[in-house]
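This report covers the salt bridges and the nonpolar cores of a predicted model. The sequence and structure are shown first.

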Amino acid sequence: MDTESNRMDRLQSGRLRRQAETLQVMIEMYCMAHHSNEEQDRLCEECADLNRYALKRLACCPFGQDKPTCDHCKVHCFKPEYREKLRQVMAYAGPRLACRHPLMALDHLWLYLTVTPPEKPRNRIAAGAAGKGRA
């Protein structure tokens, strides 16, 4: 059984970890610039919710460590309202990322330019059940 903690363990290494770190930094940059927050080291509730949701969806990515950048992906993991909010965050923070975190920005750009999106994965349960019926 795939529990939430097991899914979040997928973010501990490799490409997914780097994408999660980049995503968190971009959300923090956006929040600090757009939301008045007395405690500068904490996200506002709206951005904290977006961060939790985005990390959860990233951990559930069917491509795992072969994941392309989200804008090249053929699977839409995010609900439309979260997808739009992330677009706003990335439009603001993306250009600024190169100045504040140049290595992170280069890593993301390299991933964007070199990783081709794999085909949409098929439903593994349905494929497995169909295969058993043929035997």
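Arginine 52 and glutamate 45 are joined by a salt bridge between their side chains, at 3.2 Å from N to O. A salt bridge here is a side-chain nitrogen of Lys or Arg within 4 Å of a carboxyl oxygen of Asp or Glu. Arginine 52 is partly exposed, its relative accessible area being 47%, and glutamate 45 is exposed at 56% relative accessibility. For these classes, buried means under 20% relative accessible area, exposed means over 50%, and partly exposed lies in between (1.4 Å probe, protein chains only).

The model is predicted, so local features need pLDDT of at least 70 and side-chain atom pairs count only at pLDDT 80 or more, while totals for chains, interfaces and linings use all residues. Residues are numbered from 1 along each chain as its sequence is written, and side-chain values use heavy atoms, with hydrogens and water left out.

The structure has five salt bridges, including those in the table.

| Salt bridge | N to O distance |
|---|---|
| Arginine 52 and glutamate 45 | 3.2 Å |
| Glutamate 46 and lysine 85 | 3.2 Å |
| Arginine 87 and glutamate 84 | 3.4 Å |

The side chains of glutamate 46 and lysine 85 form a salt bridge. Glutamate 46 belongs to helix α3 (residues 45-59) and lysine 85 to helix α4 (residues 80-100), so this pair ties together parts 39 residues apart in sequence. Helices are DSSP runs (H or I, at least four residues), numbered from the N terminus. Glutamate 46 is partly exposed at 44% relative accessibility, whereas lysine 85 is buried at 15%.

Arginine 87 and glutamate 84 are both in helix α4, three residues apart, about one turn of the helix. Glutamate 84 is partly exposed, with 38% relative accessibility.

The largest nonpolar core contains 26 residues, and those with the most contacts inside it are Ile27, Cys47, Leu50, Phe78, Leu86, Val89 and Leu97. Two or more residues of this core come from each of α2 (14-34), α3, α4 and α5 (102-114). Helix α2 gives the largest share, seven residues. Such a core is a set of buried Ala, Val, Leu, Ile, Met, Phe, Trp, Tyr and Cys residues joined through side-chain atoms within 4.5 Å.

Beyond its neighbours within four places in sequence, isoleucine 27 is in contact (heavy atoms within 4.5 Å) with Leu43, Cys47, Leu50, Asn51, Leu86 and Val89. Another core of six residues lies apart from the largest one, and Ala20, Leu55, Leu58 and Ala59 are among its members.
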